[in-house]
Amino acid sequence: MLIDINPKLPMRNKTVTLEFYKNQLGFRVFGSADFDGYLMMEKDQIQIHFFEFKSIDPKENYGQVYIRTDNINELYQSFLDTKTSIHPDGRLEIKPWGQKEFSILDPDNNLLTFGQSM
């Protein structure tokens with residue numbers, strides 16, 4: 001019965017979030033409506049939604065998403081090409097649980113981990 005999931009992450013500034021996901025990560029705005037305090041972005045077959053939370057302290061934000069990919073090496077390189085900062089503890093590597101992963105933080109400190117089964 002379940003067919004999809006779209007995580008909702010906090011954002012302090014819609015313009016900053018949109019620009020980061022668009023210019024750094026290659027996402028595009030989903031839908032034609034511009035909702036006040038809400039943003040929907042998509043890339044390939046996934047969507048991430050964002051809700052406005054102006055007072056969130058990024059140091060206290062624990063928003064996280066795990067995104068599966070079928071070409072992690074190309075994705076990783078595309079982020080390096082756009083000078084996207086890789087999380088200091090999230091460099092591309094094969095984890096003990098059999099996933100090849102890397103992680104980044106968005107402007108609001110939401111952790112995005114990308115993984116591919118080995």
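1. In this note, contact means that heavy atoms lie within 4.5 Å. By that criterion, and not counting residues up to four places away in sequence, Thr17 touches Met11, Leu39, Phe50 and Asp108. Thr17 is found in helix H1; helices (H or I, at least four residues) and strands (E, at least two) are DSSP runs, numbered from the N terminus. Thr17 is buried, with a relative accessible area of 1%. Here buried means under 20% relative accessible area, exposed means over 50%, and partly exposed is in between (1.4 Å probe, protein chains only).

2. The model is predicted, so local features need pLDDT of at least 70 and side-chain atom pairs count only at pLDDT 80 or more, while totals for chains, interfaces and linings use all residues. Residues are numbered from 1 along each chain as its sequence is written, and side-chain values use heavy atoms, with hydrogens and water left out.

3. The largest nonpolar core has 22 residues, of which Tyr21, Phe102, Ile104, Leu112 and Phe114 touch the most other members. At least two residues of this core come from each of strand S1 (8-11), helix H1 (14-24), strand S3 (38-43), strand S4 (46-52), strand S5 (64-68), helix H2 (72-81), strand S7 (99-105) and strand S8 (111-117). The most is given by H2, with 4 residues. A nonpolar core is a set of buried Ala, Val, Leu, Ile, Met, Phe, Trp, Tyr and Cys residues joined through side-chain atoms within 4.5 Å.

4. Phe102 is placed in strand S7 and, at 0% relative accessibility, counts as buried. Leaving aside neighbours within four places in sequence, Phe102 is in contact with residues including Ile72, Leu75, Tyr76, Phe79, Leu112 and Phe114. The C-alpha atoms of Phe102 and Glu19 are separated by 21 Å, the two residues being 83 apart along the chain. With the neighbours within four places in sequence again left aside, the contacts of Ile104 include Phe20, Leu25, Phe79, Ile86, Leu112 and Phe114.

5. Which residues of H2 are buried? They are Ile72, Leu75, Tyr76 and Phe79. These cover an arc of only 100° around the axis, which puts them on the same side of H2; the arc is that of the directions from the helix axis to the C-beta atoms. Glu74 and Asp81, on the other side of H2, are exposed. The cover over the buried residues of H2 includes H1, S3, S7 and S8. Just after H2, Lys83 takes a positive phi of about 60°.

6. S5 pairs with S8 in the parallel sense over 5 bridges, where two strands pair if DSSP finds at least two bridges between them. Within S8, Phe114 stands opposite Ile67.

7. Side chains of opposite charge can pair when their charged atoms come close. The whole structure contains 6 salt bridges, a salt bridge being a side-chain nitrogen of Lys or Arg within 4 Å of a carboxyl oxygen of Asp or Glu. One of them joins the side chains of Asp108 and Arg12 (2.6 Å, N to O). Asp108 lies in the loop between S7 and S8 and Arg12 in the loop between S1 and H1, so this pair ties together parts that are 96 residues apart in sequence. Asp108 is buried, with a relative accessible area of 3%, whereas Arg12 is partly exposed at 32%.

8. Another salt bridge is formed by Arg28 and Glu42, with the closest N and O atoms 2.3 Å apart. Arg28 lies in strand S2 (residues 28-29) and Glu42 in strand S3, so parts that are 14 residues apart in sequence are tied together. Arg28 counts as exposed at 52% relative accessibility, but Glu42 is buried, with a relative accessible area of 12%. Arg91 forms a salt bridge with Glu93, the closest N and O atoms being 3.6 Å apart. Through shared partners, salt bridges join Arg91, Glu93 and Lys95 into one network.

9. Leu92 is found in the loop between H2 and strand S6 (93-94) and counts as partly exposed, at 23% relative accessibility. Not counting residues up to four places away in sequence, Leu92 touches Ile72, Asn73, Tyr76, Lys100, Glu101 and Phe102.
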